[in-house]
Amino acid sequence: IIIFFFFFFFLVTVMTIQIKCFQEIIDIGYRVYHSYELPWFRTLSWYFLVCVNYFFYGETLAEYFGALVQREEPLQFLVRYHRFISFAVYLAGFCMFVLSLVKKHYRLQFYMFAWTHVTLLIVVTQSHLVIQNLFEGMIWFLVPVSIVICNDIMAYLFGFFFGRTPLIKLSPKKTWEGFIGGFFGTLVFGFILAYLLAQFQYFVCPVEYNSETNRFTAECEPSDIFVMHEYTLPFTVQSILRWKTVTIYPYQIHSVALSTFGSLIGPFGGFFASGFKRAFKIKDFADTIPGHGGIMDRFDCQYLMATFTHVYIASFIRGPNPSKVLQQLLVLQPEQQLSIFNAMRDRLRDRGILPPAATEAM
């Protein structure tokens, strides 16, 4: 129950941050382009936000909670025709936009239509990837988020005490000393945090719906990356440390890749945001947090980090998931399930995994 509470809390937090970031960017466009007289602009912007969230979270519901969906007939209909419904709802907004066009505001209205869709791409799509990471296990959410926070702190401290050389004109206060110091500090932090969290099952196991117990669980047999392995160190390192081998979690090696990206590439999300604000001659995205600007000012790097984490998981971590395959099989018609069963039986018999006697008994 406690782990589900934290999972739900993180889910709601990401949704809240997404909505606030969307509002801040839309408000900038509203002010910069003096869109006060545009008909339906704000209404349509929020309408498209709802449409895109409906599409993304419907996909997530169908992918991760297929067994739960099969229990509820109304949900079965919504999932079966989810993409068609999503497209139809979006088309309604598209038609409303076309009908709202006013002759003297054509160019401005298309500016704002593009502004809204780019905002959806930057904010909502990447927020969805944060949720996807969370469903892979809370460790894939907590470690990347913590890495970005740590890098901000480390870069500030090294820059404050040792900073002399300017890094980039977009951010005059950033220094090479802070950038490099933040990199090494974040590497150490990420490595230690990965070790601490990898020990606990409720951090490494994804939240799934168990159809047998009729409840959500975060219990699993940890995958190999969360099991201690012994590694032989390179000869050069052996001569320095006097160790031949080291026993660590493979996830700690992955944390080095995450920390490297969060330290070297992640800050460019902040530089991008700085360039955006300079282009429109504004200091902050909003004044939501007194003295610190808006929510988007705090999460510019987090979105880029979340996208990298999602791509990293898909490219190097995620493999075939038996529970998801089973959920997809449960959606099929009985005759289709029987056909797959017979095909699997024949395949296992050909490979010698299923004894002939057991095969014939079936």
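Guide: Helices (H or I, at least four residues) and strands (E, at least two) are DSSP runs, numbered from the N terminus. This is a predicted model, in which local features need pLDDT of at least 70 and side-chain atom pairs count only at pLDDT 80 or more, while totals for chains, interfaces and linings use all residues. Residues are numbered from 1 along each chain as its sequence is written, and side-chain values use heavy atoms, with hydrogens and water left out.

Visitor: Is Tyr-156 buried or exposed?

Guide: Tyr-156 belongs to helix H7, which covers residues 139-162. Relative accessible area under 20% means buried, over 50% exposed, and in between partly exposed (1.4 Å probe, protein chains only). Because its relative accessibility is 55%, Tyr-156 counts as exposed.

Visitor: How many aromatic pairs are counted?

Guide: Rings of Phe, Tyr and Trp (its six-membered ring) pair if their centres lie within 6.5 Å; planes under 30 degrees apart are stacked, over 60 edge-to-face, and the rest tilted. Under this rule, the count of aromatic pairs is 31.

Visitor: Which kind of pair do the rings of Phe-160 and Phe-161 form?

Guide: The ring centres of Phe-160 and Phe-161 lie 5.1 Å apart. Since their planes stand at 90°, the pair is edge-to-face.

Visitor: What is the angle between the planes of Tyr-202 and Phe-203?

Guide: Tyr-202 and Phe-203 form a tilted aromatic pair, 5.1 Å centre to centre. The angle between their planes is 55°.

Visitor: Which handedness does the disulfide of Cys-205 and Cys-220 have?

Guide: A disulfide is a pair of cysteine sulfur atoms within 2.5 Å, and a search of the whole structure finds one. In Cys-205 and Cys-220 the sulfur atoms are 2.0 Å apart. The torsion about their S-S bond is about -85°, so the disulfide is left-handed.

Visitor: How many residues apart are Cys-205 and Cys-220?

Guide: Cys-205 lies in the loop between helix H9 (201-204) and strand E3 (208-210). Cys-220 lies in the loop between strand E4 (215-217) and strand E5 (229-232).

Visitor: Which cysteine has the sulfur closest to that of Cys-301?

Guide: Cys-301 has a relative accessible area of 9% and is therefore buried. Its sulfur is 12 Å from the closest cysteine sulfur, too far for a bond, and that sulfur belongs to Cys-21.
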